[in-house]
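Reader: Got the model open. Can you walk me through it?

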There are 2 protein chains.
Amino acid sequence: MAAYRVPLKDMQFVLYHQLNAPQGWQKLGLDEVDSTTADAILEEAAKLVQEAIAPLNREADEAGCKFVDGQVSSPEGFKQAYQLFCDGGWGALSGNVDYGGMGMPKSLVSTVEEMVQGGCMSFGLAPMLTSGACLAIDAHASDELKNRYLPKMYSGQWAGAMDLTEPHAGTDLGLIRTNAEPNQDGSYSISGTKIFITWGEHDMAENIVHLVLAKLPDAPEGSRGISMFLVPKFIPNAGGELGERNAVHCGSIEKKMGIKASATCVMNFDQAQGWLVGEAHKGLQAMFTMMNYERLVVGIQGVGAAEASYQNAAEYARERLQSRSIDGPKYPQKPADPILVHADVRRMLLTMRALNEAGRAFYIYVAQWLDAAKFSKNEEEKTLAENMVALLTPIAKAFLTDRAFDAAVLGQQVFGGHGFIREWGQEQHVRDIRITQIYEGTNGIQAMDLIGRKTFACKGALLLLLADEIESYIESSVTSETQRLAQNLKEALTLAQQTTTFILDAAAKDKNTLGAAAVDYLDLLGYVCYGYMWLRAAVAAGSIEDKELAQQKSLLAAFYMERLLPELDVLAKKIRSGAATMMSMQDDWF
Amino acid sequence: MAAYRVPLKDMQFVLYHQLNAPQGWQKLGLDEVDSTTADAILEEAAKLVQEAIAPLNREADEAGCKFVDGQVSSPEGFKQAYQLFCDGGWGALSGNVDYGGMGMPKSLVSTVEEMVQGGCMSFGLAPMLTSGACLAIDAHASDELKNRYLPKMYSGQWAGAMDLTEPHAGTDLGLIRTNAEPNQDGSYSISGTKIFITWGEHDMAENIVHLVLAKLPDAPEGSRGISMFLVPKFIPNAGGELGERNAVHCGSIEKKMGIKASATCVMNFDQAQGWLVGEAHKGLQAMFTMMNYERLVVGIQGVGAAEASYQNAAEYARERLQSRSIDGPKYPQKPADPILVHADVRRMLLTMRALNEAGRAFYIYVAQWLDAAKFSKNEEEKTLAENMVALLTPIAKAFLTDRAFDAAVLGQQVFGGHGFIREWGQEQHVRDIRITQIYEGTNGIQAMDLIGRKTFACKGALLLLLADEIESYIESSVTSETQRLAQNLKEALTLAQQTTTFILDAAAKDKNTLGAAAVDYLDLLGYVCYGYMWLRAAVAAGSIEDKELAQQKSLLAAFYMERLLPELDVLAKKIRSGAATMMSMQDDWF
């Protein structure tokens, strides 16, 4: 099994050449970040991940978490790794500087997130959830709550958890039954049961801060009646030290397909003391603040684990000797050729590369828009950035994870029978990545968000922004070597726009067109976005010193345009078939 | 979790209407089989599977097999279920009547196989391996060996196992090191280590008969020097009773992604006594006798498990209440609509149906050709049948399992977060089906077989046979209602033939074209074959009494043509991009 190596060189290529991140940081006034700081951060993080986190991944999957008497024990090594993570200040990387955060841009932090997730997804979920909770607290909580909680959460001393789902309420949070009764002192008593709470209970941090969705007594029906509460496991006293144990307890942990080294908890709230975060009944909106970040990180998880799968597969393909090349022995001194000589094995590995590297570029690209939305002083740019984030987030969540799953399945296939055996590590990536297509809103829900709110509701206006950006990039930057790739991308963009027009027209007559087209439409835009990333990679390759890397990028760009972008055609065709056939099937015929 | 129900009605539709199996049986002189016998067999088998086998599936996955001191214990309930299976005579269903078999045609037996595999794949592997071993013995062993072994294997008293792979020799069996030294008495002493031996050791039968590939002292190099030996766990004495324990032992069992309730054994042969089966050095050919059957059964495993996944998903979609239909509440009396109302959920379920039902029809169709090859008295028909089997077998193995995996992933997605939790049973189907894409020759190997031996070597002659058959079916049978579907299929067939011509031309210049195109080419022919099945289903639907079933089949046929057959376009496009880009990547760039 290959030891996971952080793809530093590729991250640097994307940041410094493909997407010119340092220019962007400068433009946003982030004077303390440049490529030197960034390199230092990347290298330190890589060291931590390679030495302390990635080595845990395989064994931790076998060991899983233990649940005894309400306590969750994390797998061996997690506590120490978590401590190292905290000691390095990694939990504070993107945090608000007013409360002890480092205020680093997402376009840089996201690469560190990829490393951690590529090293061990189950472990990575703990800091990921804490970051998410911090974002929501930072954006919506009172100063008092922020002062009390944020510094200890940035330091990792206290961890975070998000408590949304209930047994009968997943996608449809309007159905939740957890309730909150006001107390005399301004706090609330929270009662109810939540499920699927990642790291809702564990032994890595001394306290766990739950952000819980619940309904106040006077709450309106449905999703407009949801409020958000902060419910700590231990209630801090006035001095900020841990006080009383709160009435929030883990009832059990789930047996899952993957991310087995993380605890997925049933959490019981039995008049637990909590504090309102943000306005009453506006808990869902508060949640959405961090959704764009969290959904992007889920996409990043996919890329991270798919990268690990690629590295393992490439090593195996170089070392596994079996049969000879179809056009004669390539390594005649060996008893057989490495399987890397076979075109079909190359097809699998290059598909993984083409998807993973585009995915990496794309999440950094989306993170750049998040940075612009957060840091820009220019209102017009800010609005554009917010719109781009709105459009691209469902794609980043769903397309990255769907393609990561494809990649990991290929990475397993390269191994033949050994890919099915747990000790080789390849099947774990498939099992782990599978959850990224499901949680934080299933990929079907992402697709409905994209085609509904982000397309139909605005009559395709957001897509025009993306099209403008791509067209002006092509106009300004394409070289003679990349002309043909640009042409491919232009045609893809035209098809995407035509398909969008079709959808807008058809959905005006039958709204089910949206549901029928949603997943294919998200894929269609995803392939366009990856095509845009590959064009930019090929253009950037023309001006870097590392000629071998430049050749690899050019070949991969060509491979993407030849072998993956054509998926567009069939997606467009499927979408045009509409909803009639599927809606004609009677409910009781299923 | 839905209890698995055998899809009897669909099996009967395929056998009696879509593919006119009873006519075929009659034509082949199988006078003892008609739809009455067939129904009796189907119904009895369904009872056994639903009552005794399927209920084991979930728990057995959790329990797994135990390995202690060289002994393998199967999960609770397997021994009893195996006994019931044997008592019912199910192991003898397709066996040679001269040795106690029932001689039933594969086109019927295959449906029973789907039931068993749909009920529990791990369990189903035991009779499947025994049947495979019986086939090889029946075709190649001496009368003495046949008399001694076949009756007890048909009865299930003794089980079978196939021992091919070694740690360094999987696809490339020419590299095996297991050796066979001749003994004085005409038997051989076999020594070596085999891996990935499914049910190589267990407690369900009193004896296990291994068919082992090994090399004789004078063996030529490579795959032309492999011989096949029969090595029983207990050596029967002259009276056929169990005698001495043979020196074949299980060294360990693998930890796997799925089919966890089956034992995947490392088998050590330490001068174990064995008997030559077939000619010396011709063991691979002997293995290939049963390959066509075994590979088809692997395809059937996929369909069986994907059917179980569909049933579970459909039940969940009918019962899970969440949100409202996009065009207004469909079940206003309920707190929310069942998720079945959403077009995207229907898209997933109907895709599963369209793939599963075509898969079922297709394996029965291939089985009909196997029957013709075995039972026909007409030499021309026999040759045609053998050629069709040669062409269709790699498709049946790879396309059925790849599409079954797609289906099971969709079936899991329908469940949202619950699909990731083991107790719901959906993720197990994904893990179990995954192996079918890998074992019995990976799907990449199947694709190379199809495009190499079955296409390039015969200059596309085999595909012409299939095209003839489809064209003459269209000419003779298409009705006005199915005219449009026939047109879709015709276009698909034309594209397949054009693509084949391209491949033959391109591969004459660069053989790597074959490897580069292989998997896409297999998919392309697979989609054509499923299209053919759906056309036949739609035609058959026009003349059945059950009008609801007829409507379902017509809708599904339309759905397939609109939503799945278009995949052809992109496959053809990918194939035309050739091998140049992927072969240009230097080995050390991976």
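Predicted model: local features only at pLDDT ≥ 70, side-chain atom pairs only at ≥ 80, totals over all residues.

Reader: How many residues does the contact take from chain A and from chain B?

Author: The contact takes 75 residues from chain A and 75 residues from chain B. Two residues are in contact if their C-beta atoms, placed from the backbone, lie within 7 Å.

Reader: Which element gives the most on the side of chain A?

Author: H17(A), with seven residues. Helices and strands here are DSSP runs, numbered from the N terminus: helices (H or I) have at least four residues, strands (E) at least two. The side of chain A that touches chain B divides into 34 nonpolar, 19 polar and 22 charged residues. Ala, Val, Leu, Ile, Met, Phe, Trp, Tyr, Cys and Pro count as nonpolar, Asp, Glu, Lys and Arg as charged, and the others, Gly among them, as polar.

Reader: What rotation superposes chain A on chain B?

Author: One of 180°, with 0.0 Å of shift along its axis and an RMSD of 0.0 Å. The two copies are thus related as by a two-fold rotation axis. The superposition is by least squares on the C-alpha atoms of residues with pLDDT of at least 70 in both copies.

Reader: Which residue of chain A comes closest to the rotation axis?

Author: Val570(A), whose C-alpha is at 3.2 Å. Also, 100% of the interface residues of chain A are interface residues in chain B too, so the copies meet through the same surface.

Reader: Switching to helices. At what angle do H11(B) and H16(B) cross?

Author: Roughly 95°, and their axes come within 10 Å. Axes are lines fitted to C-alpha atoms, for helices over the stretch in contact, and angles run from 0 to 180 degrees between N-to-C directions. H11(B) and H16(B) are therefore roughly perpendicular to each other (the class for 65 to 115 degrees; under 35 is roughly parallel, over 145 roughly antiparallel, the rest oblique).

Reader: Which residues meet there, in H11(B) and H16(B)?

Author: Pro394(B), Ile395(B), Ala398(B) and Phe399(B) in H11(B) meet residues of H16(B) including Leu522(B) and Cys529(B). The contact divides into seven nonpolar, one polar and one charged residue.

Reader: And H5(B): which residues are buried?

Author: Phe78(B), Ala81(B), Tyr82(B), Phe85(B) and Cys86(B). A residue is buried if 20 or more other C-beta atoms lie within 10 Å of its own, exposed if 12 or fewer, and partly exposed in between, with C-beta atoms placed from the backbone.

Reader: What about the other side of H5(B)?

Author: Gln80(B) and Asp87(B) are exposed there. The cover over the buried residues of H5(B) includes H3, H4 and H7 of chain B.

Reader: New topic. Where does His281(A) lie?

Author: In the loop between strand E11 and H9 of chain A. His281(A) has a positive phi of about 65° although it is not a glycine. Most residues other than glycine have a negative phi.

Reader: Last one. What does Leu493(A) touch?

Author: Ala467(A), Ile470(A) and Val528(A), not counting residues up to four places away in sequence. Leu493(A) lies in helix H15 of chain A. With 21 C-beta neighbours inside 10 Å, Leu493(A) counts as buried.

Technical notes: Residues numbered from 1 in each chain as written. Chains lettered and ligands numbered in written order.
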